[in-house]
Amino acid sequence: MSITGLGPHGERAAPPSRVSLGPEDVAAACARDFSVAVVLHTVDSDWSRQQLAGISSTLGACGTIISEVVDCGFDTDSQIQALERLKEGPVDAIISIPVANASVADAHATVSRAGKCLVLNDNVPTGLLPERDYKSLISADNFGLGLAGAELLSAHVDNGREIGLLSFEEDFYVINEREISFGRWMKSHRPDLAIRTQRFRSIDEAGSATRKLLSDYPGLAGLFVVWDTPAMQAVELLRAEGRNIPMTTVDLGREAAIELARGEIVVGIAAQQPYKQGVAVAQAVILSLLDHPVPSWVALPGIPVTPEIVVESYQRVWSSTAPPEILEIRSA
Amino acid sequence: MRNQLRSRPNDGVARTLARVLDLVRSQESVTRLQIERTTELGRAIVADRIAALAALGLVDENMLGNATGGRAPRLVRFNRNAASILVATLDQTALGVAMADLAGNLLMEHHEAIDLSASAEVSTNRLMALFEWLLEKRRGGQSVWGLGISLPGPVQTASDDIFLTETPPMATSWGPFPLVETLMAHFEAPVWLQGSVETMTMGELKSSDSERAKNMLFVKIGKRIGAGMVIDGNLYRGSQGAAGLIGQSPMEIYGRMAPLDQVAGSDAIAREGQKSAQNGSSPALEEILDRNGQVTAIDVGQAAQSGDPVSMEIMARSGRMIGRAVAGLANLLNPSTIVLSGSVPQTDDILLAAVREAVYGESHPLVTRDLRISSSRLSSSAGLVGAAMVVVEGIFSPNILRSWVALGSPLDLPEFQRALAIAREAISRRAGVREAEPAPPAVPR
């Protein structure tokens, strides 16, 4: 897949190859003994674990230690406190996923002003600028993920029906991109479908938001959930209520992949490549610390996955064999 | 409160209200005493005007300043969230939208690819859908006080009216289309249009924390090449708003003269790239042509960045020609900084290097002694910030502010209500004409 979206400031995407490291970069980094802190929105997802694996292995090969991994638990105050502490500490660089927009903008802006190298992952608070406030943003092509989510769902929905869009309340660049592109694809390819949007403020609310969507629109014939963790709550609720509504989502997490293999409710997933994204993030950090220019936006394409190709897609995304449950379901 | 204000002798009250609000807007925060001293208004009048502005939701006094002996003074602050502004930037290949506060700060933005050569209706519908999405997502409940649209070419602004009532001639490929009327009728707010070079220049100026931006040459490189000129902190527009059309400057290429746009703009880069792909001189571009069926200027820029020698030469040639034209302006204006922007410089540093080489080589040493040439950090956000500034200036310029401040909102101005009625009338007339038009003949399959 090519990159279909534009960056947070309208930038054209640079491919991950633009931040690849040569042997001289690795040697130069090893000689400098850098240390890096990683500030994540959550560590409690397969996506985060894979990201961290990509970051750790790449930085490790460059002799760079990860001094701390902060789990913000989607909480803005935790993130602000962590950044304020880290910017005064001994780390050379901070990798951060801003958990919100305006409320965490200042905390991120002060990191660069304190002389630390800041590389953003997945989100840029509005008003922050590359070079001045951060070195680079690394993300998936989230616009493309939303398009893929729409296209995968479309095949399972009859003409003239209502479909649900279950999204996140927080103003988050990657979620906005998925939401907007999902709507754009449907409007241009399936104008017969009416989109009904419901947003949740925290992952814990994803189930109740699904329930509200179902009660407000009992005729719902399809559902797109903006990422896999809340999608699994929606699956649980649909199953409990005995509703078999086709669903698509983003991220090929383990549970989501098992659901996709079953093909009962989850009928398609637009997969990110979190390990490769983690590698690109770490490479951008090393190049920035070595004072090499890096593109302001590096994007990785998504991978549309259907039940038929879930095994090979799992291997591709996770660089490991598919879980036995998936193999069992698919071989049945 | 509105009725109270309306029953007062309006001119004097409105003038002092506008004066106080203008002062509060221009500062981060200000005390009542500072307002009294600066405006030379009496304490009672200042207190009355602040109370009136607070009741209208335009200022608040919720914060305390530093005490200098006695009680800490209350700080009067402009309520920049009293209403919102919707802005967009329409480029040949991209559409950006944002919501901004009344100080022109972007609160949320989105950019996506679009083909502006598609029909005006398709692009406008997309723009409106994205505006609707922003309003729905923010759910702030504030009303929209204005829309600012940044367009690819210069926009003629001949009318003396406070608000646009019809779409002025625009340098787009759309032909006549009631953009202003459509947006105004739908969002029930005034619309301002401005050329993208001007909005982007204003955006760079607002977002820059450097003194250098006060004497800046901003060069946008896309299908067209244009320059925005900031002199002593002010944007120079020219008598028709068409200053800086350097793309019209004649350049010699292969022994003949042609406008810079035609020989160095994104169309020229794409054309050269396509040729190199077709004749096989660039395997990298040939592969892109095979895969995508065409080669764009962005493809050439990315191939150049990845080291393709043919693409590098195409970008360098374009950069040298642009640099020659920019050097002429630099010698004339002696700017502190030159900022390159647009879809082409965004993807490629080689063009920037070539522009630098030409400007440094063809300018007087005094002009280049402390000159900085860089690419824009803001990218397309510059146009959004600038468009927001156009609206802010439109709403809060002293004469306009004086006319609406006692009403609490520019939307309540009779002039706007008249403009809105005209726009609605134009839209319903157009809808009537379209309904009456015979259906196009069926396409044989």
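This is a predicted model: local features need pLDDT of at least 70, side-chain atom pairs count only at pLDDT 80 or more; totals for chains, interfaces and linings use all residues.
Residues are numbered from 1 along each chain as its sequence is written, and chains are lettered from A and ligands numbered from 1 in the order in which they are written.

**The two chains**

Here's the overview, with helices and strands being DSSP runs (H or I of at least four residues for helices, E of at least two for strands) numbered from the N terminus. A residue is buried if 20 or more other C-beta atoms lie within 10 Å of its own, exposed if 12 or fewer, and partly exposed in between, with C-beta atoms placed from the backbone.

| Chain | Secondary structure | C-alpha span along principal axes | Buried |
|---|---|---|---|
| A | 12 helices, 12 strands | about 60 × 40 × 35 Å | 57% of 332 residues |
| B | 18 helices, 15 strands | roughly 80 × 65 × 40 Å | 46% of 445 residues |

On radius of gyration (taken over C-alpha atoms, with a globule rule of 2.2 Å times the number of residues to the power 0.38), chain A has 20 Å, which agrees with the value near 20 Å for a compact globule of 332 residues. Chain B has 18 helices and 15 strands. Its radius of gyration is 25 Å, close to the 22 Å from the rule for 445 residues, so chain B is as compact as a globular protein of that length.

Contacts here mean C-beta atoms, placed from the backbone, within 7 Å. In chain A, residues 24 or more positions apart account for 74% of the contacts with a separation of 6 or more. For chain B, 66% of the contacts between residues at least 6 apart in sequence join residues at least 24 apart.

**Helix pairs in chain A**

Back to α3 (residues 76-88) and α4 (residues 102-113) of chain A: their axes come within 9 Å and cross at roughly 10°. Axes are lines fitted to C-alpha atoms, for helices over the stretch in contact, and angles run from 0 to 180 degrees between N-to-C directions. On the α3(A) side, the residues that meet α4(A) include Ile80(A), Leu83(A) and Lys87(A), while those on the α4(A) side include Val104(A), Ala107(A) and Val111(A). By class, this contact has five nonpolar, five polar and two charged residues. Nonpolar means Ala, Val, Leu, Ile, Met, Phe, Trp, Tyr, Cys and Pro, charged means Asp, Glu, Lys and Arg, and the others, Gly among them, count as polar.

A second pair is α9 (residues 254-262) and α12 (residues 324-331) of chain A, whose axes come within 9 Å and cross at roughly 5°. That makes α9(A) roughly parallel to α12(A). Ala257(A), Ile258(A), Ala261(A) and Arg262(A) in α9(A) touch Glu325(A), Ile326(A), Ile329(A) and Arg330(A) in α12(A), giving five nonpolar, no polar and three charged residues.

Which residues of α9(A) are buried? They are Ala256(A), Ala257(A), Glu259(A), Leu260(A) and Ala261(A), and their cover includes α8 (228-240), β9 (247-250) and α12 of chain A.

**A sheet in chain B**

Chain B holds an open sheet of five strands in the order β11-β10-β9-β14-β15, with mixed pairing; strands pair if DSSP finds at least two bridges between them. β11 (234-236) and β15 (372-375) of chain B sit at the edges with a single partner strand each, so one side of each has no neighbour in the sheet. The twist averages 25° from one strand to the next.

Inside the sheet, five bridges join the parallel strands β9 (residues 216-221) and β14 (residues 337-341) of chain B, with Leu217(B) partnering Ile338(B). Helix α12 (residues 309-333) of chain B lies across β9, β10 (225-231) and β14 of chain B, at about 160° to β9(B). Helix α14 (residues 349-362) of chain B lies across β14 and β15 of chain B, at about 160° to β15(B).

Leu352(B) belongs to α14 of chain B and, with 19 C-beta neighbours inside 10 Å, counts as partly exposed. Beyond its neighbours within four places in sequence, Leu352(B) contacts Leu340(B), Pro345(B) and Ser375(B).

**Where the chains meet**

At the interface, 23 residues of chain B are in contact with 19 residues of chain A. On the chain B side, β6(B) gives the largest share, eight residues.

Definitions and conventions:
Two residues are in contact if their C-beta atoms, placed from the backbone, lie within 7 Å. Angles under 35 degrees count as roughly parallel, over 145 as roughly antiparallel, 65 to 115 as roughly perpendicular and the rest as oblique.
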